[in-house]
Amino acid sequence: MAEEMTAGIRPAQKLGLAMCVALVMGNMIGSGVFLLPASLAPFGWNGVAGWVITIAGALALAVVLARLTVAFPRASGPTAFVQLAFGRIPSFMIGWAYWVSVWTANVTLAVAAVSFLSLFAPALGDHMALSTLALIWIVTAINWRGARAAGRFQIVTLLIKLIPLLTVIVLIPIAFGSETPVVTTPFPAEGLSLTAVSGSAILTLWALLGFESASVATDKVKDPVVTIPRATIIGTLATGILYLIVCSAVALMLPADKVATSDAPFALFAETYWGHGPALFIAAFAAISAIGALNGFTLIQAELPATLARQGLFPAWFARTNRHGTPVAALLIASGLATACVVLNSNKSTAEMFTFMAILSTSVTLWLYLSCAAAALRLRVAIPVALIGLAYSVWTLWGAGLNVSAMSLILMVAGLPLYWWTRGSAPASTPSGSEETPVA
């Protein structure tokens, strides 16, 4: 079934290694990193420790996804791994909730991008809902042209969004080499605090969400058994190192009270160690960063339901593609739902909308990570690393709070009527490309 539905997708329409790395890094480097130092500033060196733990946990989970891809080369990404290990209903619940979290996260990214752009064009901020909808559908139009078009756009935006991060890295040795001494946050005399490290690690996870992107888009990747593991590990490691250096520098090389109250901590860093003029461009880079992540997750919001349709978990028409290989029904429905989300929340403030969408997206993605780690243990793949990934997922989900976890569980259950309707209208199918028999 999977082979028939993807037969029209030519190799030239698929993503190579560079585009997959750009997809992973571009989806990870969104809008959150430009505001994160303000949240981490009160944690000081505990925030640095939080980054180390989060990067280690993310890498463990990235390795799990990579090893599962190699072990089950014909499976179509994370939901297929969950189906192999635990059956159809858990796979549907995870896939459904993750899909909802993706298009709701796209609303967050679009809102953030418009907010940054409104500093240069205030009219955009005066018509926030309309501007947000326009951006969502412009990026949807780019993805209509296929994965390669989205991939090229992703590479361009990634190269641009790396500029402010690399600027901070360049300014670090320049600052320490200047005649004016740099006053850094001292290491706490009482040592690190487990509670503070835990609190900072939960915050840093939001900035690292998205390393699963290449695995989710398996059906659009050239030679996925080789490309996906490489792109996932390279993208996760490179982004983690960048974040560790850049966010730690901003949080430790500036007064904590100023960073904590700043709406643009990167601009504050550039202004302090370079000048006022260059700092004005940080908002432009932040907007491009959010747009790049919006593009990458728009690709995911179309590919994920198409994959679920090929597994027999979503209606089959979600997998139908246009001449560019794009699952058009899935793409348009997801963008339509995002549109409805913007309209229904148009009376809320930008901050309220951003916070709600960010919490929902983070909580659901945690369940995806936990399920993949548990699936690896059940399928006896990369057991030591899977144990680390599972422990990290459980710890972070616990730290996120009961309300967040309950919200994501309710969302999973809410999709079950669609599952039963799909089961009643079409025969059951095995996960695409798997020779294993799923657990009933």
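These legends describe an overall view and several close-up views of one predicted protein model.

In this predicted model, local features need pLDDT of at least 70 and side-chain atom pairs count only at pLDDT 80 or more, whereas totals for chains, interfaces and linings use all residues. Residues are numbered from 1 along each chain as its sequence is written, and side-chain values use heavy atoms, with hydrogens and water left out.

Figure 1. Helices (H or I, at least four residues) and strands (E, at least two) are DSSP runs, numbered from the N terminus. The protein has 440 residues, and 58% of them count as buried; buried means under 20% relative accessible area, exposed over 50%, and partly exposed in between, with a 1.4 Å probe and protein chains only. Of the contacts between residues at least 6 apart in sequence, 84% join residues at least 24 apart, a contact being heavy atoms within 4.5 Å.

**Figure 2. Helix α6 (residues 88-117) packs with helix α16 (residues 282-310).** Their axes come within 8 Å and cross at roughly 160 degrees. Axes are lines fitted to C-alpha atoms, for helices over the stretch in contact, and angles run from 0 to 180 degrees between N-to-C directions. The crossing angle therefore makes α6 roughly antiparallel to α16; angles under 35 degrees count as roughly parallel, over 145 as roughly antiparallel, 65 to 115 as roughly perpendicular and the rest as oblique. α6 passes α16 in a left-handed crossing (the near helix is turned anticlockwise from the far one by less than a right angle; clockwise would be right-handed). The contact of α6 with α16 involves 22 nonpolar residues, four polar and no charged. Here Ala, Val, Leu, Ile, Met, Phe, Trp, Tyr, Cys and Pro count as nonpolar, Asp, Glu, Lys and Arg as charged, and the others, Gly among them, as polar.

**Figure 3. Helix α5 (residues 78-86) packs against α6.** The axes of α5 and α6 are 7 Å apart, at an angle of about 155 degrees, so the two helices are roughly antiparallel to each other. The crossing of α5 and α6 is right-handed. From α5, the contact uses T79, V82, Q83 and F86; from α6, it uses R88, P90, S91 and G95. The residues of this contact of α5 with α6 are three nonpolar, four polar and one charged.

**Figure 4. S118 sits in the loop between α6 and α7 (122-126).** S118 has 17% relative accessibility and therefore counts as buried. Leaving aside residues up to four places away in sequence, S118 touches L124 and G125. S118 and S131 are 13 residues apart along the chain, and their C-alpha atoms are separated by 9.7 Å.

**Figure 5. S405 belongs to helix α20 (residues 402-414).** With a relative accessible area of 11%, S405 is buried. S405 touches W367 and L397, not counting residues up to four places away in sequence. Between S405 and L366, 39 residues apart in sequence, the C-alpha to C-alpha distance is 9.2 Å.

**Figure 6. D223 lies in the loop between α11 (213-216) and α12 (224-252).** D223 is not a glycine, yet has a positive phi of about 45 degrees. D223 counts as partly exposed, at 48% relative accessibility.

**Figure 7. R380 lies in the loop between α18 (350-378) and α19 (383-400).** R380 has a positive phi of about 60 degrees although it is not a glycine. The relative accessible area of R380 is 66%, so R380 is exposed.
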